[in-house]
Amino acid sequence: MESKDDDYWNDSANKSFNFDEDEVAVLEIPTHNKRSLFGEDTSSEASYVNLKNDLPLEAIISDENLELILQEQSRDEMTIPKGISLEEEVKLLRKKIQEFNYAPPTESVIRKLILGKPCSLEMFRSLAEKEQLLDEAIASGCGNAILKVILFLDRTLKKKLFYTLLQTRTEAVYHYINYLSLRLKVSECTDLLVFLGRHHEASLLQFSIFVCSTSNISIKHQRLKKIYSDYFSQPGSNTFYAQLVANYINLLEYQSSELHSVGGSSAVIAIQDKSVLETLNYVCGKFKWGDTSLQTNDNPFKLAETHQVSQSQFEWVALNERAKRQAWLDFDHIFEKKAWLNLKQKSFKINIPVDRTILRLYSLHAPNPILNTFLGKVEDPQRRLALARKVHSKHGIVDALILLKDRAELENYRNSLDAGTEERLYAENALKSMNNKWKSDAMKLIK
C-alpha cells in the first residue's frame, strides 16, 4: 500500500522544476491560504514572497566603486581588435611590453593588493617610487597591502636603507615587527628594534624567546648575561628593565652556587629556576636568625633587599616558614624593629593584616603567648574579642573584655573557667583590678 507521499510524487499534476527555462517563475501564494510555517504571514514575509523584480544595481554598489572595478578589469584585459594585420598586432604587443618597463600608478597597484588580485611590484625600481608605494599602502590602512609592500622593500633594498624608510613610519614598523615575531625571526626583529633605539623591547624579545624557552640554569644564565651586555650597556637603555635582568642573574647565580655547595638535596633542587619568594622561603629555613650582619643572599634580609621584596611579603614568607618549623623565638627577629632615634630600643611592628596573621598562626598550632602577642596589636576591642574567641585564646578574651569595660561579661566568663587553672586566676585578677579601678573612680566623683 502506497503512502500519501508516494501519491504526491507519482501524480503528474505536480509540476517539477525545470532548469532549462529562461525565466524562473516567482512563487505565488494564494491569498486565501497565505500561511507560513510559523503561523500567519507577516507583511514583510508576504512582500518578500511576492517580490518579482531584482534589486537595482545602485542599491548594491555605488557608482564610484563600480567604476573602479571596471577600470581594474579593463587594465587587466588586453583586447586585440579583430581584422587587424599581423604587423599592427605586433605593434600592440610591443606597446604592452613597454608599459611593464615603467611603474604603474601607485593607487592602482595598492587597489589590486587590497582586492587580493595578482600584482607585481618589480616595476618600482627607484627609491622615490618605493617610498611613494609604501606611503600609499599606509594611507590605505590595509594591513595586508602594507605588509606586502614592506616585504618587497626588504627584499630589494639594503638593510640600512630599508630600516631608514621604516624609521619614520610607525604603522609600518608595527606590522613588520608583528610579522617577524609571529614567525620567530628573532634576529631580524632584534636588529630592527636596536636600529630604532628600542633596546628594552629588543631585550624583552630575546628574554621571552631565548631565556624562557629553556629550564637549564647554566644556559639561561649565559643568555641573560649576553642580553645584559648587548642591550642594557647601550646608552639610553631602560634602567628599570636593566635592574630586573641584573636581579634575575643574581638569583640564578645564588641558586646555582647552592646546588654546587650543598649538593643535590631536595630543598636545593626545589628552588632551582624558581621565584624570589620561593628562594626566600628556602633561605629563611637555613638562616641563623641571631646573625643579621651577613651581607650575602644567605641572609634573608639581604636577599629581600637585593630583589626588592616588600616588607609585607618578607614577613608573610618568614612567618609561615618559621611557624611550620615551630621556631617561635625567631619571631622576635622578624617583627622587632629598631627605633630610629635609639638603635638599642626595639619595638614590635607588623606590616601584614593582623587578623589574617592570627588565624594563620592558629592553623599552624601557635602557642597561646604568640597568639596573645598578635592579639594585642588589634586596636578595636570588639574585633579583638571576636578574634580571641575564634582562636580560643582565654587571655585574649579577658584582655578584650577589660578594654570594653564589660564587668558583667567578665564575671560570667570567669565563672565558666575551671577553678584552680591559670586562666581562672588571670580572669579573677583582671576582675579585681577592674573593681578597684571602679571604686577609685567612684571615690573621686564623691570628693
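**Exercise 1. The chain as a whole**

What percentage of the contacts in the protein chain with a separation of 6 or more is accounted for by residues 24 or more positions apart? Describe also the secondary structure, burial and surface of the chain.

*Solution.* The model is predicted, so local features need pLDDT of at least 70 and side-chain atom pairs count only at pLDDT 80 or more, while totals for chains, interfaces and linings use all residues. Residues are numbered from 1 along each chain as its sequence is written, and side-chain values use heavy atoms, with hydrogens and water left out.

Step 1. With contact defined as heavy atoms within 4.5 Å, residues 24 or more positions apart supply 48% of the contacts with a separation of 6 or more.

Step 2. The chain contains 25 helices and four strands; these are DSSP runs (helices H or I, at least four residues; strands E, at least two), numbered from the N terminus.

Step 3. Of the 447 residues, 30% count as buried. Buried means under 20% relative accessible area, exposed over 50%, and partly exposed in between (1.4 Å probe, protein chains only).

Step 4. The chain exposes about 29500 Å², of which carbon and sulfur atoms supply 54%. Areas come from the Shrake-Rupley method with a 1.4 Å probe; for residues, only the protein chains shown count as cover.

**Exercise 2. The buried side of helix 11**

Determine how the buried residues of helix 11 are arranged and which helices they pack against.

*Solution.* Step 1. In helix 11 (residues 186-195), Val186, Cys189, Thr190, Leu192 and Leu193 are buried.

Step 1. These residues lie on the same side of helix 11 because they cover an arc of only 165 degrees around the axis. The arc is that of the directions from the helix axis to the C-beta atoms.

Step 2. Their packing partners are helix 9 (159-167), helix 10 (170-182), helix 12 (199-211) and helix 13 (217-232).

Step 3. Just after helix 11, Gly197 adopts a positive phi of about 80 degrees.

**Exercise 3. Helix 13 against helix 14**

Classify the relative orientation of helix 13 and helix 14.

*Solution.* Step 1. The axes of helix 13 and helix 14 (residues 239-262) come within 10 Å and cross at roughly 155 degrees. Axes are lines fitted to C-alpha atoms, for helices over the stretch in contact, and angles run from 0 to 180 degrees between N-to-C directions.

Step 1. Residues making the contact include Leu224, Tyr228 and Phe232 of helix 13, and Val245, Ile249 and Leu252 of helix 14.

**Exercise 4. The surroundings of Arg322**

Is Arg322 buried or exposed, and which residues does Arg322 contact beyond its neighbours within four places in sequence?

*Solution.* Step 1. Arg322 lies in helix 18 (residues 311-324) and counts as buried because its relative accessibility is 8%.

Step 1. Leaving aside those sequence neighbours, Arg322 is in contact with Cys284, Gly285, Trp289, Ala327, Asp330, Phe331 and Ile334.

Definitions and conventions: Parallel < 35°, antiparallel > 145°, perpendicular 65-115°, else oblique.
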